[in-house]
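Here is a short briefing to read alongside the model.

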Amino acid sequence: WLILNYDKTESLIDLIKPDFIFDIETAELQKSIINEIAYKKKITYVNIEYTRYKDFIVPTFNLGLELDQYFVEAYQKNKDQKDKDHDKYINEILTYRNLDSIVVKRNEKYVFSSYQFNFFDLLKRIIRKSYNISLATLRLARFPTIQTIKKVLWHYTCYIRKFYLYSKFNKYFTPPINEQYIYMPLHLIPESTTFTKTPMYINELMLIEAISKTMPINWKLYVKEHPMMVGERELSFYAKVAKIPNVKLLDFKNHKEPKDLIQKSKTVVTITGSSAFEAAILNKPAIVFGSVAYNVISGIKVANSFEDLEHLFKLIQTNNWPQDNTIDCATYLRTIDEVGVNLDIEIIIELSAKKIKLQSLDHNEKIELRNTINSLMLFFEKAVNICNDQVNNK
């Protein structure tokens, strides 16, 4: 399968002979193949890097596997600026800190909807899935394959697990108490933040165990499940985590808003999640394991291996960590505004899909699609200008 992907991608690139390759997705393995072949053939491959602030995206020329040099240079240049725009971004950071909720709006529709699942939801899901598979069977006029049946049964199992985890019978999750703790929100898996950026750290149970062994003896580790993963993990995962004496699985239903958990923590540890940037804005230490645009902020440190954790925890414990991230975060906002755009890619995908399916768009949707496409064109124009500047500087 991999060989076929390499052969097809290389033959297509050889046929087209592009000067640039523009992309808007980093999640699939094929993107890594495109990135590798483009690098080999000295073709500029432009993809998007999520900045984790609102819907801002910036160009990446290496699939986000490491910090792009242009971004680091732009950040360092902006850090020395002290004009009125500098004050604007400072005020934006201060405004953010006073927000009641720091959940990104585009996440609310599918994250918050995952915080409820009762017995009637269980029945509705099972009935809907059964109806869909029956309808597909009638249309195809043949019995479903073994693989299809296995997939449907897997969905049923996920629904039942989800119902259990939301019920009063759940014995794994506990509420937090007044103690010193590290906050660790789990990831949605699979996604690009793990499989593409940090393929060596996708075993979150191993990461939890490493933190529990290296953190100060009087600290606890609070682990919060990703709402979209509830029901998809085996219950054995929670059972193993619950057995670790200094680790607690938080009752996620009562913690939709992460701000309070971040502010009361000693530090935030995440693979490459948004919570690290949220912690930096709120002046809390953060530790990550992969390359993310926000790593330029001094209050965010990268653990290159599990062995780095003990040293990083000691820096926090002895207050040898940057105490104020205001300037760094404001500089970061200025930089992503300068080199990127504020654009929700999902809107383009959703509205374009309707046009492809020959579904009609209302007046507002047509305007929104046109505006988002213009923003995407601006994004790639900025990427090309960055490339030209790098060539001219050489």
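Is phenylalanine 289 buried or exposed? At 6% relative accessibility, phenylalanine 289 counts as buried, where buried means under 20% relative accessible area, exposed over 50% and partly exposed in between, with a 1.4 Å probe and protein chains only. Please keep in mind that this is a predicted model, in which local features need pLDDT of at least 70, side-chain atom pairs count only at pLDDT 80 or more, and totals for chains, interfaces and linings use all residues. Residues are numbered from 1 along each chain as its sequence is written, and side-chain values use heavy atoms, leaving out hydrogens and water.

**Aromatic pairs**

- Searching the whole structure gives 23 aromatic pairs; rings of Phe, Tyr and Trp (its six-membered ring) pair if their centres lie within 6.5 Å, and planes under 30 degrees apart count as stacked, over 60 as edge-to-face and the rest as tilted.
- One of these joins tyrosine 201 to phenylalanine 306 edge-to-face, at 5.6 Å centre to centre with 70° between the planes.
- Tyrosine 201 sits in the loop between α8 (192-195) and α9 (204-214) and phenylalanine 306 in the loop between β10 (300-302) and α13 (308-317), so this pair ties together parts 105 residues apart in sequence. Helices (H or I, at least four residues) and strands (E, at least two) are DSSP runs, numbered from the N terminus.
- Tyrosine 201 is buried at 14% relative accessibility, while phenylalanine 306 is partly exposed at 23%.
- Phenylalanine 306 also pairs edge-to-face with phenylalanine 289, at 6.1 Å centre to centre and 80° between the planes.
- Phenylalanine 289 lies in the loop between β9 (286-288) and β10, 17 residues from phenylalanine 306.
- One aromatic cluster includes Tyr53, Phe56, Phe61 and Tyr70.

**Charges over rings**

- Arginine 233 places its charged end over the ring of phenylalanine 237, 4.7 Å from the ring centre; this requires NZ of Lys or CZ of Arg within 6 Å of the ring centre and within 35 degrees of the ring normal.
- Lysine 301 does likewise over tryptophan 321, at 5.8 Å from the centre.

**Strand β2 and its partners**

- Five of the seven residues of β2 (residues 44-50) are buried.
- β2 runs parallel to β1 (residues 20-22), joined by three bridges; two strands pair if DSSP finds at least two bridges between them.
- Isoleucine 21 stands opposite tyrosine 45 in β2.
- On the antiparallel side, four bridges join β2 to β3 (residues 56-60), and tyrosine 50 stands opposite isoleucine 57 in β3.
- The hairpin of β2 and β3 has five residues between the strands, and arginine 52 takes a positive phi near 75° there.
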